[in-house]
Amino acid sequence: MAQLEQLKLSGQLPTPRGVALAILELSQRENATLGEIARVVQTDPALSGRLIKLANTASHIARPVVSVQEAVVRQGMATVRQLALGFSLVDQYRNGACKAFDYQEYWSHSLLMALGMQALGMRLHVAAADELFVCGLLAQVGRLALATVYPDEYNAVLMAQHADPAQAIIVHERARLETDHTELGIVMLCDWGMPKVFTGPLTQYEYPGHPSYPQDSRSNSLMLMLRLSHRLADLGLANADVRPKLLKEWMALATELDIPQEDAGRFIDQVIDSWREWSELLKIPATALPSFAEICHGYHETKEETKESDIPLRIVVADGNAINRRKTMALLVEDSEHTVYPAENGNTALALAMEVLPHVIIAHVDLPLLDGLELCQALRATEEGRRMHILLTADEHGEEQLINAFEAGADGYVPNAISAKGLRIRLCAAQRLVQLQAAWEKDRMQLRQIAAELVVANRRLATAALTDQLTGLPNRRSAMDQLEQAWSAASRSGLPLSVMVIDIDHFKQINDSHGHAAGDLVLREAAATLRASARREDSVCRIGGEEFLVICPNTDLKSAMQSAERLRVNLGAKRMAIGQTEKTLTVSIGVATRESGIADMDVLVSLADQALYAAKEAGRNLTCTRQQSLFP
Ligand SMILES: Nc1nc2c(ncn2[C@@H]2O[C@H](COP(=O)(O)OP(=O)(O)OP(=O)(O)O)[C@@H](O)[C@H]2O)c(=O)[nH]1
């Protein structure tokens with residue numbers, strides 16, 4: 001301590017200058033008024049702007065603060081003094097003599113801590129948000145002091161810590177300087193009038209192993225808030241590869257302060273946004289941190305194969321005792337990615353369970369409103385509730401309690417003072433169940449996919465079986481099916497039905513002169529021309545090598561002859577590229593129409609064939625018919 005007193009007297013410690021010093025001195029006078037403080041603040045435009053901005057951020061009152069007087073009145077003398085001091089230090093100590101101490105980064109970290117504290121203050125109402133801002137901003141001022149007073153020695157401390165990061169910095173500080181940043185920082189803050197309610201938690205928050213406050217005390221909340229803001233500041237400045245780990249630690253701490261996981265993302269994103277705004281105002285750097293969602297996504301991407309015990313669960317923790325509830329929640333998120341929902345009574349737990357459909361419910365037997373056993377029975381009476389894994393917890397663990405719990409439908413019993421490991425083991429059954437359900441769901445999806453693929457494959461096969469591969473027209477089998485249907489329809493309706501058989505003339509010569517591939521091309525083009533020239537209701541099919549059948553429902557002989565002629569002429573006019581030359585084709589067509597003497601469709605087709613033969617005989621490039629009525 002003598003060393004600290006000496007340091008204080010030496011004037012080497014960081015101290016505010018100018019307007020901040022004037023405010024500090026003025027506020028120490030007994031008769032100082034807020035009006036006088038405001039007048040001094042006004043002489044520094046940068047400080048005025050910062051105080052007004054802060055008053056507006058932390059205010060829940062809708063009307064914005066526009067004047068320095070108003071900001072000073074709203075923040076109070078003590079807070080204005082501290083803020084002036086903090087901002088003055090930021091401006092004065094942007095650089096310094098300690099080489100390994102990154103002054104800019106130090107302020108970025110402090111600012112993020114300040115904004116974290118402010119945001120937590122607005123949420124948890126543990127202290128005024130402006131006071132918490134200063135508390136966060138100056139929480140690590142002892143480090144700045146050590147770097148300022150002992151630049152070379154602190155340089156060595158930082159190098160030693162860099163070489164041995166597993167060791168806490170305080171150990172390296174004590175080894176070389178016989179003091180540490182916490183001790184020195186507290187001396188300075190007390191000197192600057194920081195209220196005791198903050199200095200106590202400031203000595204504790206960096207050392208998680210030694211909590212010395214009752215769980216539901218204000219000091220404990222402040223210590224947790226400092227810890228959470230510190231982690232958030234670490235997260236803001238961390239490299240991408242360590243962010244997911246820090247985020248996880250942050251989430252675990254957040255549950256201790258009753259910040260539900262679904263709010264965590266919004267909270268972090270808001271603080272980071274105001275960090276960017278404030279860093280412009282204070283001219284200190286803020287890194288471009290991705291959104292909370294992106295950091296989470298990165299975490300999931302880098303995760304290795306999921307072990308059963310890693311399966312994240314949705315868990316409702318129902319306990320009327322807030323301390324026990326928080327303790328269980330903290331244990332649950334300590335080393336895992338479970339999403340935990342708190343419920344303070346049985347009714348809330350039931351409503352929550354129906355809403356979020358948790359995998360697990362951990363409920364105390366003596367829950368208010370609806371006790372644990374009733375909650376269990378109510379859940380088991382529902383379809384969804386039957387699938388949940390319910391663990392009951394109680395202060396007494398007699399055989400009778402166990403029997404009651406299992407009779408009510410519980411899956412297990414959790415002792416009150418359970419360890420994180422014990423709790424993990426009890427969640428294994430639920431995780432196994434979730435894994436089985438996931439595997440079953442995966443199998444079901446795969447089966448569904450296979451069935452869908454089979455339907456598509458069958459449809460493709462059926463289509464392929466009825467389609468001519470070369471031309472895409474219905475093949476012979478399809479042609480006969482269609483003709484059968486058309487024949488039946490004509491029999492029922494009494495409407496006429498005609499068919500044409502079309503054969504390309506001297507097709508063999510094309511194959512012989514230009515090769516089979518050229519012949520294929522010609523067949524394709526001929527098919528396309530026929531399809532394009534035929535009426536829509538007529539079906540054009542390929543029934544042989546260079547032979548086509550056109551089925552013409554509701555068509556009498558005269559119309560069929562006209563149609564056939566149109567096809568013959570169109571095809572004859574079509575110029576086709578064959579090898580290097582262009583050629584035209586001719587076709588011969590035989591036409592037949594259904595009439596009373598024709599017994600079935602085979603006879604009809606054979607009549608058309610005879611007509612085709614006649615056309616060929618008559619010199620080709622002709623349309624003929626051998627109708628029985630015409631040639632009795
Ligand atoms: N490129 C090709 N040729 C085919 C195909 N199917 C049948 N052919 C050929 O078509 C030709 C048919 O010849 P033919 O039956 O003698 O009749 P044509 O030469 O057209 O003479 P006419 O019918 O009497 O005018 C044969 O050379 C078959 O090999 C096919 O899918 N592609």
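The legends below describe close-up views of a predicted model.

Residues are numbered from 1 along each chain, as its sequence is written. Because the model is predicted, local features need pLDDT of at least 70 and side-chain atom pairs count only at pLDDT 80 or more, while totals for chains, interfaces and linings use all residues.

**View 1. The open sheet of 5 strands with parallel pairing has the order S2-S1-S3-S4-S5.** Strands here are DSSP runs (E, at least two residues) and helices are DSSP runs (H or I, at least four residues), numbered from the N terminus, and two strands pair if DSSP finds at least two bridges between them. Strand S2 (339–343) and strand S5 (412–415) are the edge strands, each of which pairs on one side only. From one strand to the next, the twist averages 25°. Strand S1 (residues 314–318) pairs with S2 in the parallel sense over 5 bridges, and Val 317 has Pro 342 in S2 as its bridge partner.

**View 2. Helix H20 (residues 372–380) lies across S1, strand S3 (360–364) and strand S4 (389–394).** The helix runs at about 170° to S4, where axes are lines fitted to C-alpha atoms, for helices over the stretch in contact, and angles run from 0 to 180 degrees between N-to-C directions. H20 also packs with helix H22 (residues 399–408) at an angle of about 25°, with their axes 8 Å apart. H20 and H22 are therefore roughly parallel to each other; angles under 35 degrees count as roughly parallel, over 145 as roughly antiparallel, 65 to 115 as roughly perpendicular and the rest as oblique. Leu 373, Cys 376 and Gln 377 in H20 meet Asn 404, Ala 405 and Ala 408 in H22, contact being counted if the C-beta atoms of two residues, placed from the backbone, lie within 7 Å. The residues of this contact of H20 with H22 divide into 4 nonpolar, 2 polar and no charged (Ala, Val, Leu, Ile, Met, Phe, Trp, Tyr, Cys and Pro count as nonpolar, Asp, Glu, Lys and Arg as charged, and the others, Gly among them, as polar).

**View 3. An open sheet of 5 strands with mixed pairing has the order S7-S8-S6-S11-S12.** Strand S7 (539–542) and strand S12 (623–625) stand at the edges with a single partner strand each, so one side of each is left without a neighbour in the sheet. The twist averages 20° from one strand to the next. S6 and strand S8 (residues 547–553) run antiparallel and are joined by 7 bridges, with Asp 503 standing opposite Glu 547 in S8. Helix H24 (residues 476–493) packs on the sheet and touches S6, S7 and S8, its direction making about 25° with that of S8.

**View 4. Helix H26 (residues 516–533) packs with helix H27 (residues 557–573) at an angle of about 135°, with their axes 9 Å apart.** That angle makes H26 oblique to H27. Ala 526, Thr 529, Leu 530 and Ser 533 in H26 meet Arg 566, Leu 567, Asn 570 and Leu 571 in H27, and the residues of this contact divide into 4 nonpolar, 3 polar and 1 charged. H27 also lies across S6, S8, strand S11 (587–593) and S12, running at about 165° to S11.

**View 5. The shell around the ligand has 4 nonpolar, 5 polar and 7 charged residues.** Asp 505, Phe 507, Lys 508, Gly 519 and Gly 545 come nearest of the 16 residues around the ligand, a residue being near if its C-beta atom, placed from the backbone, lies within 6 Å. Strand S6 (497–504), helix H25 (507–514) and H26 are the elements that give two or more residues to this shell, and the largest share, 4 residues, comes from H26.
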